[in-house]
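Grab a pencil and have the viewer ready. Here are a few exercises to work through, each with its solution.

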Amino acid sequence: MTATVSEILQAGRRQAGVTSQELWIRYYAIGGGSSPETIDAYLDGSVVPRPADYDVVAQALNDAFVGEDADHPIPYAEDIGL
Amino acid sequence: MLALTTTVKTRRESTFVCVHSAGTERSGLDCRSGHPMAPADDGPGLALVLLQMGGLLLSDLTVDTVLELATEITERTVRSASAVSLTLVREDGAQTPNASEPVARDLDEVQYKEDEGPCLEAYAERAVVNVSLADDRSQRWPAFRDAAEAHGIRSILSVPLVAGDRAFGALNVYSREPAAFDGIEVATASLLAAQAAAVLANAVAFADASALNAQLRDALESRDLIGQAKGILMERESCDAEAAFTILRRASQRTNRKLREVAAELVATVVERPVG
């Protein structure tokens, strides 16, 4: 893969226009179980998420794009070979 | 805390909104004759008002009241003030919620339109701007200078509203006298600006906490619904929670709907079809 997981998540977070705290709330709202600090660590690249947890973060971002022109722009774990 | 709002006629015959605790005697708010912390002739004066400003309950009403109070007290306490206003800077730009005289509002608005001037500089630099226009040789703020001259304003004192690491705007004092503001007057305006900024900071923190509270409540509802949907799928597909989530997210992607909507639809189908 060309972009790292943290780059994908950071770019998606900025594109969705949400803060890292808002991202955690969205993640938590769809069943994510990791702490806000862990989500921050995914974003800054200091921790690489398990594929299943990555998918919840990606879904939290993709939900932010529903209703916009973009349709699920953030790839899932299987799409990036995580 | 019990807070009462009373309208008091001051010596200058303008109405003055005063917030004080239940049981307090009529507040004497005419502080024109005294120095900032000196007791006024006819009541507890500025020191008590400052204490009251610090302890107000925080609703939008009291924030507005405090800002109005800060503007009014500044006009009465800074002796060479001809007009006082308060600049608040928000995401959509600067505005003047309170002005003691129309001239202050006019001069503020010239600055907002030109995007430059003493009150915006005080806010941006987080520093007191104290300028006697005739003595200021710089060529800054030409439009503001013209407007000030047209209104007969010769000095301006702008004090930033800063609390912690955050700036909210500025408290602006305009005077028709040249070189109007001395150290005591700057100190007085700074004291009042600090009180107003503290109230604004508390109000912002309160609003942020309320918004976060609402977001978390909504998140819990959503999480519960998605948990139910995952449970249904786990039973139906004999799979674990992660696989159930994958089924939901694929349905979300396929139909370009939020995961929550997909989950709600699934839960509704079960609820509408009772067992038996």
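Predicted model: local features only at pLDDT ≥ 70, side-chain atom pairs only at ≥ 80, totals over all residues.

**Exercise 1.** Work out which strands sit at the edges of the open 5-stranded sheet in chain B.

*Solution.* Start with the strand order, which is 4-3-7-6-5 in chain B, with antiparallel pairing. Next, look for strands that pair on one side only: these are strand 4 (93-99) and strand 5 (129-132) of chain B, the edge strands.

**Exercise 2.** Find how many bridges join strand 3 to strand 7 of chain B, and which residue stands opposite Thr87(B).

*Solution.* Take strand 3 (residues 83-90) and strand 7 (residues 166-175) of chain B: they run antiparallel and are joined by 6 bridges. Then go to Thr87(B); its opposite number in strand 7 of chain B is Ala170(B).

**Exercise 3.** Identify the strands of chain B that helix 3 and helix 4 of chain B lie across.

*Solution.* Helix 3 (residues 102-114) of chain B lies across strands 3, 4 and 7 of that chain, at about 175° to strand 4. Helix 4 (residues 118-125) of chain B lies across strands 3, 4, 5, 6 and 7, and runs at about 30° to strand 6 (155-163).

**Exercise 4.** Decide whether Gly12(A) is buried or exposed.

*Solution.* First place the residue: Gly12(A) belongs to helix 1 (residues 5-16) of chain A. Now count: Gly12(A) has 22 other C-beta atoms within 10 Å, so it's buried. Leaving aside neighbours within four places in sequence, Gly12(A) is in contact with Leu61(A) and Ile74(A). Finally, Phe65(A) is 53 residues from Gly12(A) in sequence, and their C-alpha atoms are 9.7 Å apart.

Terms used:
Residues numbered from 1 in each chain as written. Chains lettered and ligands numbered in written order. Pairing = 2+ DSSP bridges. Helix = DSSP H or I, 4+ residues; strand = E, 2+ residues; numbered from the N terminus. Contact = placed C-beta atoms within 7 Å. Axes fitted to C-alpha atoms, helices over the stretch in contact; angles between N-to-C directions. Buried ≥ 20, exposed ≤ 12 C-beta atoms within 10 Å, placed from the backbone.
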